[in-house]
Amino acid sequence: MESTACHSLNLLLLLLLISLPVFHCIAASSSPTSVPSFPNEALPTKSGYLPVNASTGSAIFYAFYEVQKPISQPSKTPLLIWLQGGPGCSSMIGNFFELGPWRVNFQKAKNDPLALEPNSGSWNRHFGLLFLDNPIGTGFSIASTPAEIPRDQFSVAKHLFAAITSFIRLEPVFKSRPIYITGESYAGKYVPAIGYYILKKNAQLPASERVNLAGVAIGNGLTDPLTQVATHAVNAYFSGLIDERQKKELEKAQWEAVRLTKSKNWTEATNARIRVLSLLGDMTGLATLYDFTRKVPYKTELVSELLQNEELKKALGVNKAVVFEECSDVVGDALYEDVMKSTKYMVEFLVKKSKVLLYQGHFDLRDGVVSTEAWMKTMKWEGIEEFFMTERKVWKVSGVVSGYVKKWKSLTHVVVLGAGHLVPNDQALNSQAMIEDWVLEKGLFGNQQGEGSLSNIRG
Ligand SMILES: *[C@@H]1O[C@H](CO)[C@@H](O)[C@H](O)[C@H]1NC(C)=O
Ligand SMILES: *[C@@H]1O[C@H](CO)[C@@H](O)[C@H](O)[C@H]1NC(C)=O
């Protein structure tokens, strides 16, 4: 989720008051503690802390769920890493509200007790799934001092690289597994940043120390804000949500955000984007810009409610002193000047050296389809013209129209119907079909020849 920072000093004070040692706990397997409404089988395979800097004690919290139904040998089983957006929102939202194997009962009536339910659309059916609370200071992660919280994407990537390499060292079998970095919203910055960092770093490392990056996937991402901030007015106007007069007013606000971004006035540019979104919110009166069909916003606060439980925190190997917040304002503030900076050039590098999936829930008014296609059109890559010339195919899951897939070589774009910003929450099974077919290169996500022959036999 993408949040806009307001100022709260609680976590900052907490972090200033206590200096925390390095934690490296592995929960679950040793002594599972029973938590009301949290069945033992819902605990991660491993969870705890991955150090980002041995001298400061700062560490990234992780929760790892091993594959449920492997279809390849353990050393070849893909490993997906999930990063939440914000900046500053916890990947435990992804875990317990979107794509993890157990989710909070978000459709419960107000007075029903909070509980976890198995998710048949979990992304760990055929792959291992690792959630990282990134950057430090987010969710259960530990920032020893606020000054150590990253203020740019290079620092984010440096910490993630340290965490990922120390995770891989936990088990010999992790080493050779193909890694896919995935994420949503503001992770549209993080995912390219860590992907790019891995590729650059691999080039300097001996083969035995490289990270086996196989691809990156971004859902409803903010990646090239300069292009994306200029698309809200046309998108809302042609969706019938604002009239021509409002379109002009919104465009004026957008131009200001563009002007400030171009002049590298980063704080003001971030402020200007917030004004664009709040203007759009006021004009449309919608419950949330994350999904224009929703009568009420996504109830992600249920995850926060769940993770206040001390027994559960203990079972997860969480440092006692850390109080869970859905989104950290301290982290949001640290990355405030980073918001309008582009990571498009990193995606351009990744599409040449790896493979890239960009997918969007169709109902999102913040980082949706139009917003993403706008910056994709400006990509510098020799395949981009062919990509846009390629037919966009109707994507069916179990015979039902579920969206659209356009693929050329290493670049795939997916529109997910019936979903807003949090695609795996809205369309769990379809999101699972998408990620599995993309990783395994099946169906519409396969190579071009395969697609051609499939459409030939269909008639
Ligand atoms: C670890 O933190 C210290 C103190 O902030 C810093 O000087 C050092 O460069 C950091 N090391 C790495 C590998 O980032
Ligand atoms: C940034 O923009 C604001 C508002 O337009 C202006 O007042 C300020 O002087 C600018 N700052 C810089 C460093 O250009």
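The sections below go through some of its local features, one at a time.

## Before you start

This is a predicted model, in which local features need pLDDT of at least 70 and side-chain atom pairs count only at pLDDT 80 or more, while totals for chains, interfaces and linings use all residues. Residues are numbered from 1 along each chain as its sequence is written, and chains are lettered from A and ligands numbered from 1 in the order in which they are written.

Helices and strands here are DSSP runs numbered from the N terminus (H or I with at least four residues for helices, E with at least two for strands).

## Around the ligand

Asn-53, Ser-55, Thr-56 and Glu-148 surround ligand 1. To be near the ligand, a residue must have its C-beta atom, placed from the backbone, within 6 Å of it.

This shell holds no nonpolar, three polar and one charged residues. In this scheme Ala, Val, Leu, Ile, Met, Phe, Trp, Tyr, Cys and Pro count as nonpolar, Asp, Glu, Lys and Arg as charged, and the others, Gly among them, as polar.

Most residues other than glycine have a negative phi, and most peptide bonds are trans. Here, however, Gly-86 and Pro-87 are joined by a cis peptide bond with omega about 0°, and Pro-87 sits in the loop between strand 3 (79–83) and helix 2 (91–99). Another cis bond runs from Asn-134 to Pro-135, with omega near -10°; Pro-135 belongs to the loop between strand 6 (128–132) and helix 3 (153–168).

Ser-398 is not a glycine, yet its phi is positive, at about 50°. You can find Ser-398 in the loop between strand 10 (393–397) and strand 11 (400–408). Ser-398 counts as exposed because it has 8 C-beta neighbours inside 10 Å. Glu-441 also has a positive phi, near 55°, and lies in the loop between helix 16 (428–440) and helix 17 (448–458). With 13 other C-beta atoms within 10 Å, Glu-441 is partly exposed. The cut-offs, for C-beta atoms placed from the backbone, are 20 or more others within 10 Å for buried, 12 or fewer for exposed, and anything in between for partly exposed.

## A buried strand residue

Ile-81, in strand 3, is buried because 26 other C-beta atoms lie within 10 Å. Leaving aside residues up to four places away in sequence, Ile-81 touches Leu-130, Leu-132, Ile-164, Ile-179, Ile-181 and Thr-182. Two residues are in contact if their C-beta atoms, placed from the backbone, lie within 7 Å. Ile-81 and Leu-130 are 49 residues apart along the chain, but their C-alpha atoms are separated by 4.7 Å.

## Two helix pairs

The axes of helix 7 (residues 244–262) and helix 8 (residues 266–284) come within 7 Å and cross at roughly 165°. Axes are lines fitted to C-alpha atoms, for helices over the stretch in contact, with angles from 0 to 180 degrees between N-to-C directions. Helix 7 and helix 8 are therefore roughly antiparallel. By class, their contact has ten nonpolar, three polar and four charged residues.

Helix 4 (residues 187–204) and helix 12 (residues 344–353) pack at about 55°, with axes 9 Å apart, so helix 4 is oblique to helix 12. Angles under 35 degrees count as roughly parallel, over 145 as roughly antiparallel, 65 to 115 as roughly perpendicular and the rest as oblique. The contact of helix 4 with helix 12 has eight nonpolar, one polar and one charged residues.
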